[in-house]
Structure formats: structure tokens, C-alpha cells
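Visitor: Hi, could you walk me through this one?
Guide: Happy to, let's bring it up.

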Amino acid sequence: MGAVYHLDSLLETPNEPYELINTLLKNPMISEFVKDEVPVRAEIDKDAAKEEQMRVRFAVTKMIKTWSELRDVYYSKKEKERLVKEGKYGSVDEIGTQLASLRDQMSTKYGIKFETDYVELEYSAKLVPDGKRCRMEKPYFKNILFVGDAAGRGIFVGPRIEGLNVGIDDAVRAADAVARALDKGDFTEKYLGEHYSQSVEESPYTHDLKAIDKDYLKIFLDAAKDVPKDIISSKYGLVVKMMSSDTLRSFAVGFANILGYEKLLPIIETVDTYVKVPTELAERLGKSISASYTPTIPSIAQRVAKLKFNDDSSSHIKVLKPTSEFMKKMVTLCPTRCYLMEKDGVMIQHEGCVECGTCSEETDWKHPHGEKGINYQYG
Ligand SMILES: Cc1cc2nc3c(=O)[nH]c(=O)nc-3n(C[C@H](O)[C@H](O)[C@H](O)COP(=O)(O)OP(=O)(O)OC[C@H]3O[C@@H](n4cnc5c(N)ncnc54)[C@H](O)[C@@H]3O)c2cc1C
Ligand code: SF4
């Protein structure tokens, strides 16, 4: 599960990125969607001999640990395949069967119950490009073609989140350009790069990237046109009422497009839009939106502790301007709290870095050496 947030907004009003994901997790619609189960120990028989109480306590701890570790493995394609390759299990299905059998033993042998809760497997963060602002004008360099995120191409605005489609569309165009270059044995910029660049220019996504302001407002208005006006708070109600009239709407859309979507976002992207209105709509349609549990959300320290790193003793990030405003904001904006404010300015502790790229704008940022750095288990 991921939250997409605008870096510019966060730079303007620094907020810890994990707080945003935590807010999302507490939204009842999301909590219900991501629920899992956690084991809860039964009371130990206090009348039993002390040795027996110790034995049971130890056995339960061991069993819960084995089950939790195996479940983490079961959810990771990479880890499952490793265990099968190492001969610890005959097949992936066998891991599933073992997991079910352990769960069964936990209940029958030790009276362990299972409660609904949120279980986070792996925490991560990544900077995705807003193609409106940072797409490469020509997505090639010499005979290297850039695709999707690498070319700074993606549509990320309001309800339109289309990095995958853009990346796939670019990749098809790049493959086509490479096939053509292979046929002719010509990998010059003119034959390969320019052909790809022109093809990308013709992509419907490139058109949308350029016209996103107009699209954004249109998508929002179309989505909001049937929403009962009394649900929308008075602040926006008047605007939406105005937009319902065809004459006023074209005038208002024109005006909004002059303002630009950076100014529209904070008005439209609110708790009202994403939580209050959908919840009230569902309730009017007879479906109550409430969570059946309160998710236990790990702290940032617990999240980082669960990640797997191949430690690099030297830092892949060098702070260039320790007292700049941007770097000061990184103390709050780094998703794993790698930056600290010291007497002489901002300092980095690179060990917990998840290589999201957020701080790259004002640092000397390189990927960690070889296979060092974060080692994701789930994607
Ligand atoms: C939280 C979040 C939510 C999102 N939600 C959506 C959504 O709902 N819909 C949507 O369309 N898009 C969404 N996106 C964006 C989307 O995931 C990306 O735009 C898309 O995956 C980009 O595809 P890509 O192929 O360009 O790059 P990537 O998917 O990033 O692929 C690049 C690959 O290269 C690998 N790589 C990097 N360096 C090396 C190296 N040195 N050697 C070998 N391999 C390397 C990486 O591990 C990665 O697998 C979301 C992104 C985030 C972060
Ligand atoms: S140090 Fe920089 S790249 Fe690493 S997690 Fe923090 S902001 Fe992201």
C-alpha cells in the first residue's frame, strides 16, 4: 500500500512522510482493506508447576516466532524461492502447508487466538517524477533510451496516477526503436534516439502530460457533479454549485486553468474529498463505513529495524550545503529520519537510507556500491 504525496507541498509545509501513510492506514476504508491477523497468547495455567509454566511460555514464544518468520517468508517471492532452492522445502506449496499446520498447532496445543490487526511487511519510499514539470525534453542520451520514471515521465495529479501506463507505453516505443536500429545496425542519436523521441512525443500520455491542468479540473468536476451538494462543505459547495451551471462552468474552468493546478491542489485534495464525502455517500446508500479494529502502526524505528540492509561503511550521500533551507527540511522529510540537526548544520546517518532520492537535489547522491544498501524483500 502506498501514499503519493507532492514534494513541493511538503517542502512548503514540512510533514513527516510516514505520518501521511499512517493517516491513510487509520482511514477505516483502508484499515478494512489491509487487515491481517496476529497471534495472542492464552493465559498460562498459574496452578501448574513453575517449570511447566516456564516450558509453556518458552514453547509459545518459539512457536509464535517461527510462525511469524515463516509468514514473512511466505509473502516474499524472493525468500520463498530461496528456501526451495536451498532444499529446506520441496516446493512453495509446502511452505504454505507448513504455515497452516503451525497455525493449527498454535490454537489446538497452546490455545493461541488470532486477532485482526495490521501487519506491515516492509516500509519503503520513492520519489516519483511529475512529468508535467520534469520530463526529459528528449528522452535519450547518445545511444541510451530513457523510459518511464527514468525519463521523468509520469502523470501524478489528483485522481490520475499513471506512472505504470506511461512507463509501459514508453517501453513499447523504446523496444520498437531498438528493433529498428538492430535491423539497420544504426545506433546513432539520429536514427535511434530521435526516432524514439518523436515516437514518445506522439504518445497520448505526452499529450495528457501537457494538458494536465485542464484534465485535472475536468476529472474532478465530472466526478463531483452527481454528489449531493449538502455533503460538500459550504467552503466548496458554492464552487461546485457554480460548476454545475454550463455557462459558469466554462468560465470557472478557464479561470482555474489560469491559476494552475498547484493552487487548485490544496483546495481540492482534502480530507473532505477523500474521506468525508465517500463515507457519507456510502452511508446514504446503506453501507456503513467503519473499521472492525484499530490498526497497530509500527514506529519509524521499528520500520527501519525490520528492513534488510547490506551495510556500506562509506556513505553514498554527501551533504554539500549543511545549512541550506532545503537540507534543514530534510530532517523532517527524509522518510527514515537519516538527517540530524547538529550545531554546524545538517548531518547524515546513511545506514537507514531507503534510497528514495528525495534529498538528491542538494546532495552529492550516488547509488551505494555494488549490491550494498537497502535489500528489499517484497519488491
Ligand atoms: C507509493 C507509490 C504509489 C504509486 N501508485 C501508482 C498507481 O496507483 N498507478 C500507477 O500507474 N503508478 C503508480 N506509481 C508509480 C509507478 O509505480 C511508477 O511510475 C512506475 O513503476 C515506473 O516504472 P518504471 O519502469 O519507469 O520504473 P521502475 O518501476 O522504478 O523500474 C525500474 C527498475 O529498475 C531497477 N533498477 C534500478 N537500478 C538498477 C540497477 N542499477 N541495476 C539493475 N536494476 C536496477 C529497480 O529495482 C526497478 O525494478 C506509484 C508509485 C509509488 C512510489
Ligand atoms: S537519506 Fe535521502 S535518499 Fe536516503 S531515505 Fe533519506 S531522503 Fe531518501
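Guide: Here is a short chat about the fold and its salt bridges.

Visitor: What kind of model is it, and what cut-offs apply?
Guide: It is a predicted model, where local features need pLDDT of at least 70, side-chain atom pairs count only at pLDDT 80 or more, and totals for chains, interfaces and linings use all residues. Residues are numbered from 1 along each chain as its sequence is written, chains are lettered from A and ligands numbered from 1 in the order in which they are written, and side-chain values use heavy atoms, leaving out hydrogens and water.

Visitor: Thanks! How many helices and strands does the protein have?
Guide: The protein has 17 helices and twelve strands. These are DSSP runs numbered from the N terminus, with helices being H or I of at least four residues and strands E of at least two.

Visitor: And how much of the protein is buried?
Guide: Of its 379 residues, 40% count as buried. Buried means under 20% relative accessible area, exposed means over 50%, and partly exposed lies in between, using a 1.4 Å probe and protein chains only.

Visitor: Now salt bridges: how many are found in the whole structure?
Guide: The search finds 20. Each is a side-chain nitrogen of Lys or Arg within 4 Å of a carboxyl oxygen of Asp or Glu.

Visitor: Which residue does E52 pair with?
Guide: E52 meets R55 in a salt bridge, at 3.1 Å from N to O. They sit three residues apart in helix 4 (residues 50-75), so about one helical turn separates them. E52 is partly exposed at 32% relative accessible area, and R55 is partly exposed at 45%.

Visitor: What about E325?
Guide: E325 forms a salt bridge with K328, with the closest N and O atoms 3.3 Å apart. Both are in helix 17 (residues 325-333), three residues apart, which means about one helical turn between them. E325 is exposed at 52% relative accessibility, while K328 is partly exposed at 34%.

Visitor: Where in the chain are K126 and D149, then?
Guide: K126 and D149 form a salt bridge, their closest N and O atoms being 2.7 Å apart. This pair links distant parts of the chain, 23 residues apart: K126 is in the loop between strand 2 (113-117) and helix 7 (131-134), and D149 is in the loop between strand 4 (144-145) and strand 5 (155-157). K126 is exposed at 55%, whereas D149 is partly exposed at 30%.

Visitor: Which residues are linked in a network?
Guide: E79, R82, E86 and K88 are linked in a network of salt bridges.
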